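Hi,

Here is the structure we talked about, ready for you to open. My notes on it follow just below.

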Amino acid sequence: MGDSVTDLTGEAHAAPLNGANALAHWRAQIFARILLVVLVLGTGTAVPSMILAASEGGWSIVVIDSISIAWLAILWWRRTAAYRWRVLQFLAIAFVVSIGLVLKVGAVSHIYMIAIPVLAALLLGLRPALWALGATALAIVLLSLLHDPTPQMSGFPTYALVRAPIVALNYLFIAGVLTLSCAFLLRHLEASLDGLQASAMALEQGRNALAVLNGELRLTSAAVARLNDMVMIAEVVGGDEEPRIIFVNHAFELRSGYTRGEALGRGLRLLRGAETDADTLERIAGAMRQAQPLRFELLNYGKGGDSYWVEAELTPLADEGGNYTHWVAVEREISQRKTSEAKIHRLAFYDALTGLPNRSLLMNRIEHLLAGAARSASCGALMFVDLDHFKHINDARGHATGDALLRIAATRMAGLLRKGDTVARIGGDEFVVLLAGLSEDLASAGKDAARLAEKVRGAISANFDIDGQSYRCSASIGVTMLPRGGLEAADLLREADIAMYRAKADGRNTIAFFEADMQANVERRLTLERELAGAIDAGALEMHVQPQVDRHGVVTGAEMLMRWRRADGAMVPPSIVIPLAEESGLIVKLGRWALEQSCAAAVALARAGHQLPLSVNVSPTQFRHPAFAGDLQATLATYGAPASSVILELTEGVLIEKLDASVRRMAELAALGIRFSIDDFGTGYSSLAYLKKLPLYELKIDKSFIDEATENASDRAIVETILSMARHLGLRVVAEGVETRAQANFLIERGCDSMQGYLFARPMPLVEFMALMLAGGGRLVQVAVA
């Protein structure tokens, strides 16, 4: 036991600290002190006793005392020996000494016997004490039988066999009471120590747990205080009163501008302002009423009035009884993200130049209006606004001027609209106006739409003052009414677009309402466009020849004219085919095919003995195409046609719009032997300065001047002027549309080089033309020319 707790020096060992160990430790301490006291006192009393005994001849006492003192000394010296062994040795010494005293002194020494079980109870416990009590009682009985040291007392039995048990029983009674009292007292002491130890351990564990919690709380508080996210903790006050703030962290102070002292005790409405969303605040209030967590985005306001967006999470905290006592709000600033989202939204749904809604947002609003049409009986309208000849301003003055004009136009239109209407820019110079809730009556709604469309047209027609210069512009406006059953946003936008093109066709700067026949015309046009593309690819087009003759009826040349007969046998006039090809992008392909047919016809005529130049029309798009010159040379080479066999007819507009580029390209081709003719001369530009710059071969007088030349003085003067001017410039002249003999005589009298028209021949297939030439020997014999 001593090894597991402590030795006589009090040195602690590794035994666990509980009640038993504490008692063992205490016993070891007591035993050490008793052993020391007994050794010191025993030595102090035994020496005089031994001297006295020796003087009286009591050497047995001297021997017993000497052995006891020596034995005690050995026990003291062997402090590292086992505790139990040393206690038993100590008890054995006491037992031997007690026996010796009883034998020498008499029954009075029985008192020493009592010390043995008492000390055993004190130092070893109840069971060893009982064994010691029994051993000492047995020793008393034996001593009484073998050597009766009991003095004779009156009334006490004289027989040893009777007296010995009586003495032993009295001893057992007294010694037992003392021994058991001491043992039970120590056992209760051990139990108390266990209880105290358990309480101490529980208290220590609680203290440790509290220290851990305090440490965690300090760490949590320090971490929360230094979070980049803003943290607020509010205490639930009760009733309808707003929770009061009891904690804010450093991030909150930095962003809001409120110090901790200024924020504590205030309500959660501290950061709300004029633009804070009311619906979100209602959601927050509802979540707090139901004690439900909530995640939301909110516009907060700092102490200085500056606003910032936060993404917040509001969480309720409950006590052990389930009562919600606090709210924790964790907020992260998302102002930059909100700004980026706004920019992305603006880029996605608004025009960068004018700030107006773009096509995507317009379509959304039209769809929204159509979706609500079932709930609303009112009618609306969609206006398609296209600026007339905007390209001229943009090309002449640059994009900066064009952009400024578009911005002013957008501002003017937006200023005319009511709340709930939309004006959008869908590209280039095209705007769309969506009018909602005009009237429940369609006729009245149409009048309102027409009235507003006229205001828009008038606003666009006003002068545009840009950088000190004044510009004029106009608008063609197409209008369609809505809602229309079964139609979607794209259908309505297409109808307004069709109506706008009708307005342009009606002379521009006007307003046209969509009608059903407009859609039919558009569909017919689309059908023609598809059929034209197929006809070009399938070789279903034809080139007819219309001859040009001089004053003697001799054929001097011919013009190649395209003819298209549809599968149903109907002829499509060139006045439809050419604009259709230009608008659909087929004109380059069609022009290339016409050049190929002309080269092939020129070669065929040459082989038949007729060296005639053939005129072929070239569109503006085809002439300006980068590959035009190369394609023309390749075509001539492919068919083996000389450059002089082809005359390219161009309109004045093609040449004048980009005069310098036109001069360079014509000069390049003229160097190859290509000749040029100006078609419809006199109907285009009034300035004739370009004539001296261009490498021209001939001029063609438009049919509109020939028709009235014999009767109208003005037309006659124009024709005479053209003929005279061409003669001075050395240019050949061809008069188009000659249909009467009087017109032919007028032209011949004024020296016109060549004439072309129904008077001489209608356009015909090349085979018929070649047969006609063969029959007349190069002269149109059926026509007598004066």
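Let me start with helix α10, residues 278-289: its 12 residues reach 17 Å from first C-alpha to last, close to the 16 Å expected at 1.5 Å a residue (that span is 1.5 Å times one less than the number of residues). Helices (H or I, at least four residues) and strands (E, at least two) are DSSP runs, numbered from the N terminus. This is a predicted model, in which local features need pLDDT of at least 70 and side-chain atom pairs count only at pLDDT 80 or more, while totals for chains, interfaces and linings use all residues. Residues are numbered from 1 along each chain as its sequence is written, and side-chain values use heavy atoms, leaving out hydrogens and water.

In α10, Thr-280, Leu-281, Ile-284, Gly-286 and Ala-287 are buried (under 20% relative accessible area, 1.4 Å probe, protein chains only). Their cover includes β3 (294-301), β4 (307-318) and β5 (324-333). After α10 comes Ala-291, with a positive phi near 55°.

β7 runs antiparallel to β8 (residues 430-439) over five bridges, and Val-423 stands opposite Val-433 in β8.

Overall, the chain has 27 helices and 22 strands, and 43% of its 786 residues are buried.

Happy browsing!

Note on methods
Buried means under 20% relative accessible area, exposed over 50%, partly exposed in between (1.4 Å probe, protein chains only). Contact means heavy atoms within 4.5 Å. Two strands pair if DSSP finds at least two bridges between them.
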